[in-house]
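Colleague: I have a structure to go through with you. Can we take it one question at a time?

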Amino acid sequence: MPLAGNGGYTVRRYTLDFDWQAPRTPFAAVATVRATATQALSRFDLDFAGNTLRGVTVDGAPAAAVRDGDELVVTPGRPVPRGGAFTVRVAYTADPTQGRHRDDAIQDYGWVPTADGTIVCAQPDGARMIFPANDHPSLRAPVTFRITTPPGLSAVANGRLVGTDRRPGGRTRWTYDSEQPIAPQLVQMAVGRFRFVDSKGPHGLPVRDVVPDGLVTDTEAYRSLTPEHLTWLEQRLGPYPFRRYGVLVGDTDLPVALETQSLSVVPRDDLLGDRVDAERNLVHELTHHWTGDSVAVRRWSDLWLSEGHARYYERLYSDTHGGDSLEDAMRAAYEQHDQWRHDEGAPAEPTEATLFKVMRYDGSALVLYALREKVGAEAFDRIERTWVTRYRGRAAGTADFVALASQVAGEDLTPFLKPWLYGAHTPPMPGRPDWQVDPVED
Ligand SMILES: [Zn+2]
């Protein structure tokens, strides 16, 4: 995704003012982007798609703005000097029906309308349909959300509810602060007839689920497992890296859950069916808060580090909670691994079209499994804990992981991991000489 993100500046904060009206109805929106120039800027780009642009100012003065594909090219009246702080204000009419489609695990993304409001699923490059952003997975900034809703509706977003204000016409303005910097792809903002269900995780961690009115009771059994999932993951990966957590129940048929930061969205049907499947999805999105949200990917080609870890711990949990054994699942993945390499690229070699295919999930969990078989469970656990600790709140890539694993294990793992991560053929699985890869079919 070579056009994702932009150079020349660092975003300090996004402030999003959304004057929500009704489902599938355009509404007035203002995005205020506070940034610092990292070079002298006579013009700069934001990623922005669709919607109706109303006007752009830079430091209060009108600025020229031209749209070119997904780029919003802004030319301020006066250039911004290197090191200078500046504020861009983009007024637009937001279109909350706007979405795009991918032929992989993402399916439909962007705004996801619900019967009485919306949720958003921006991953991977859909934040630009919601607000003008520096839309790259490694580029994070705090976000303030100010969402005004009609009577009877609530708004939620990542992080902490700062407060609510009464507005004319019985409307309510909800202010949220993401608390920690967030990548645009992990932003959540939702409107609906919600109930807030509070509980506590380990060490008193605030847990607040956001549930459509009619689904509170029916989804309670699986939602209430979150504290157990947090405890289980903390035993393996160390302290949960954010200040709160919760599950937003998506009142949508879209079958995709997403690790939106501090408030994972999980579709209704995931919480109404089989317990083993529900727990796999819940543990998967929660694991992402260590790998994917806290440790961000440096670039999309590193996605295996985010999805591979989420799938690995999802399967490890399921192994002892009524699901398939990890060993069986990994053996099945091993058999198909050459075919996946052929069809979808090696784990660390996706193309844009094959990014969220199964190779980034079970195919990449298999790489972690192979690493564990190679170095032993004890060294593997130290690698994992060191990974999420050293890169907490930072972006990291494949080379960082290989270097860290080598350092922690006390041996150069480059010759071992490189063939697993790149190239056409699946290496032998350590300690499993009987495991065979199925022949590739064109
Ligand atoms: Zn995932």
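Colleague: Which residues does the UniProt annotation "domain: Peptidase M1 membrane alanine aminopeptidase" cover?

Modeller: Keep in mind that this is a predicted model. The annotation comes from an unreviewed UniProt entry. The annotation covers residues 228-420.

Colleague: How far apart are the centres of domain 1 and domain 2?

Modeller: Start with the bounds. Domain 1 takes in 1-95 + 128-184, domain 2 runs over 194-293, and domain 3 over 296-421. Taken over C-alpha atoms, the centres of domain 1 and domain 2 are separated by 27 Å.

Colleague: How many polar residues are on the side of domain 1 that touches domain 2?

Modeller: Nine residues of domain 1 are in contact with 10 residues of domain 2. On the domain 1 side, two are nonpolar and two are charged. The polar residues there number five.

Colleague: Which residues in H7 meet H6?

Modeller: H6 passes H7 in a right-handed crossing. From H6 come Leu371, Arg372 and Val375. The residues of this contact are five nonpolar, no polar and one charged. The H7 partners are Ala377, Ala379 and Phe380.

Technical notes
Residues numbered from 1 in each chain as written. Predicted model: local features only at pLDDT ≥ 70, side-chain atom pairs only at ≥ 80, totals over all residues. UniProt positions renumbered as here; feature names shortened; annotations may be inferred. Domains from an automatic or database assignment. Contact = placed C-beta atoms within 7 Å. Nonpolar A, V, L, I, M, F, W, Y, C, P; charged D, E, K, R; others polar. Left-handed = near helix turned anticlockwise from the far one by under 90°. Helix = DSSP H or I, 4+ residues; strand = E, 2+ residues; numbered from the N terminus.
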